[in-house]
Amino acid sequence: MSRPGIIAFQGRPGAYSDLACRTARPGWATLPCQTFAQAIGAVHDGLADQAMLACENSLAGRVPDIHALLPQAGLFIVGEHFQRVEHCLMGVPGSTLGAAKRVHTHPVAMAQIRGVIAELGLEPVVEFDTAGAAEMVREWGRREDVAVASALAAELNGLEILRRNVEDAAHNTTRFYIASRRPVALPPAGPDYMTTLLFRINNHAGALYKALGGFATTGVNMTRLESYMLEGSFSATQFLLDVEGHPDTPPLAEALRELSFFAEQQEILGVYPASAFRRQT
């Protein structure tokens, strides 16, 4: 019998990335890492089979560093996962909303729970991590200190959930890349695939327009386009691009051929099945 897989993530046990790992890879062991670089390194060094890497959030926007870390690591994107962010207000056993005075969580999460902070008159205290805040509340054992984190963080730390879904926006969702040392063996090209690539162009008038023109003329839908400066230079720009489709299908194959005429460099980081989440939105 083959062993269950191991999937690495950035954060403490119970973080939303941990929840994403358990949802996307049920039965796999999860490996917490302090940084994205360490999570990627765990896969590269064989300590984990895959890594769950947050890349963008519907409220906070892009997650930095991923575009720079993945190409250097020699990993492949083999999947994507969308994780709904459902913030829970939690405290030690016996806590009540009336007794709560201070709320601890990550700064991004803090900005997403302004309503409950105002309603309960809580003092916001910023911490390094949502799951880390839950660990701290458990260690302190004080009823007046509560945390905002995932339901998984409450379960792992023996905390009571005082109120669920305290986030201000119901659409708060994080998208993740799932990375591996080897690309997945895909069936023949068909619908419902995503392709992620990097390309580099000179910074001159019309360069991006020409490079992306093939996607428009062939009807290929771009779902993400991010630009990054390279090594402190203002004269060359690198782009990370997510598009719908498989590079072996005629529309995307033609768009990539046209891109190659105008891009100084291009690299496919992964071809993978599109998440079912995309068909629900």
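Student: How many bridges join E7 to E9, and do they run parallel or antiparallel?
Tutor: Three bridges join strand E7 (residues 102–105) to strand E9 (residues 145–149), and the two run parallel. Strands here are DSSP runs of E, at least two residues, and helices are runs of H or I, at least four, numbered from the N terminus. Two strands pair if DSSP finds at least two bridges between them.

Student: What stands opposite His104?
Tutor: Ala147 in E9. Keep in mind that this is a predicted model, where local features need pLDDT of at least 70, side-chain atom pairs count only at pLDDT 80 or more, and totals for chains, interfaces and linings use all residues. Residues are numbered from 1 along each chain as its sequence is written, and side-chain values use heavy atoms, leaving out hydrogens and water.

Student: What's the strand order in the sheet?
Tutor: E8-E7-E9-E6-E10, an open sheet of five strands with mixed pairing. E8 (123–126) and E10 (160–163) are the edge strands, each pairing on one side only.

Student: Switching to cores: how many residues are in the largest nonpolar one?
Tutor: It has 48 residues, and Met52, Leu70 and Tyr177 are among those with the most contacts inside it. A core is a set of buried Ala, Val, Leu, Ile, Met, Phe, Trp, Tyr and Cys residues joined through side-chain atoms within 4.5 Å. A second, separate core of 16 residues includes Phe199 and Val220.

Student: And how much of the chain is buried?
Tutor: Of its 281 residues, 48% count as buried, meaning under 20% relative accessible area with a 1.4 Å probe, protein chains only.

Note on methods
Buried means under 20% relative accessible area, exposed over 50%, partly exposed in between (1.4 Å probe, protein chains only).
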